[in-house]
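Open the model in a viewer and keep the sequence panel beside it. The stops below go from the whole chain to single residues.

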Amino acid sequence: MSAALIPLTIAPFAAGSYNPIMDAVLCAGIIIHSHIGFQSIIIDYVPDKRLPKIRAMFWWGLRLATLVVAIGFFEFETNDVGLTEAIKKIWTAKRKEESYVEPILRSVA
């Protein structure tokens with residue numbers, strides 16, 4: 001799954017088109033990748049024999065979190081600019097002339 005995300009993240013920017021289907025596939029890949037990763041953490045670090053109720057709680061928490069993230073991605077895709085367009089806007093955003101840290105650094109130096 002991790003290897004599949006690499007071309008999925010590059011394809012929309014390389015092709016120059018922002019396709020809702022590509023956004024949906026990318027969002028689904030991110031959700032599946034994250035779910036499998038957190039599932040592995042639960043399997044590795046919450047022992048079933050010693051903590052069965054806590055493990056069940058973590059499983060349901062993971063399912064709930066995955067559902068909430070999926071709903072969030074769906075809302076972002078349907079009611080906003082979409083994932084690849086948002087990433088494009090972040091990457092091409094112009095930097096402000098002066099950040100909040102620069103005057104502090106000048107006064108210290």
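A contact here means heavy atoms within 4.5 Å. Among contacts in the chain between residues at least 6 apart in sequence, 53% join residues at least 24 apart. This is a predicted model, in which local features need pLDDT of at least 70 and side-chain atom pairs count only at pLDDT 80 or more, while totals for chains, interfaces and linings use all residues. Residues are numbered from 1 along each chain as its sequence is written, and side-chain values use heavy atoms, with hydrogens and water left out.

**Whole chain**

Colour by secondary structure. The chain has 5 helices and 0 strands, in the order α-α-α-α-α from the N terminus. Helices (H or I, at least four residues) and strands (E, at least two) are DSSP runs, numbered from the N terminus.

Next, show the surface. The accessible surface comes to about 8400 Å², of which 69% belongs to carbon and sulfur atoms; accessible areas come from the Shrake-Rupley method with a 1.4 Å probe, and for residues only the protein chains shown count as cover. Of the 109 residues in the chain, 18% are buried. Buried means under 20% relative accessible area, exposed over 50%, and partly exposed in between (1.4 Å probe, protein chains only).

**The core**

Select Leu-26, Cys-27, Ile-31, Phe-73 and Leu-83, the 5 residues of the largest nonpolar core. Helix 2 (residues 20-45) gives the most to this core, with 3 residues. A nonpolar core is a set of buried Ala, Val, Leu, Ile, Met, Phe, Trp, Tyr and Cys residues joined through side-chain atoms within 4.5 Å. In soluble globular proteins, nonpolar side chains tend to be buried together.

Centre on Leu-83. Not counting residues up to four places away in sequence, Leu-83 touches Asp-23, Leu-26, Cys-27, Ile-30, Phe-73, Phe-76 and Glu-77.

Move to Thr-84, in helix 4 (residues 83-91). Is Thr-84 buried or exposed? Thr-84 counts as buried because its relative accessibility is 1%. The Thr-84 side chain makes a polar contact with the side chain of Asp-23, at 2.7 Å. A polar contact is a pair of N or O atoms within 3.5 Å; within protein, one must be able to donate a hydrogen and the other to accept it, and residues adjacent in sequence count only if both atoms are side-chain atoms. Met-22 is 62 residues away along the chain from Thr-84, with 8.7 Å between their C-alpha atoms.

Now select Thr-78, in helix 3. Thr-78 has 45% relative accessibility and therefore counts as partly exposed. A polar atom of the Thr-78 side chain lies 2.8 Å from the backbone oxygen of Phe-74.

**Val-46**

Go to the loop between helix 2 and helix 3 (52-79), where Val-46 is placed. At 9% relative accessibility, Val-46 counts as buried. Its contacts, not counting residues up to four places away in sequence, are with Ile-41, Leu-51, Ile-54, Arg-55 and Phe-58.

**Trp-60**

Finish at Trp-60: the charged end of Arg-63 sits over the Trp-60 ring, 4.5 Å from its centre. A charge sits over a ring if NZ of Lys or CZ of Arg is within 6 Å of the ring centre and within 35 degrees of the ring normal.
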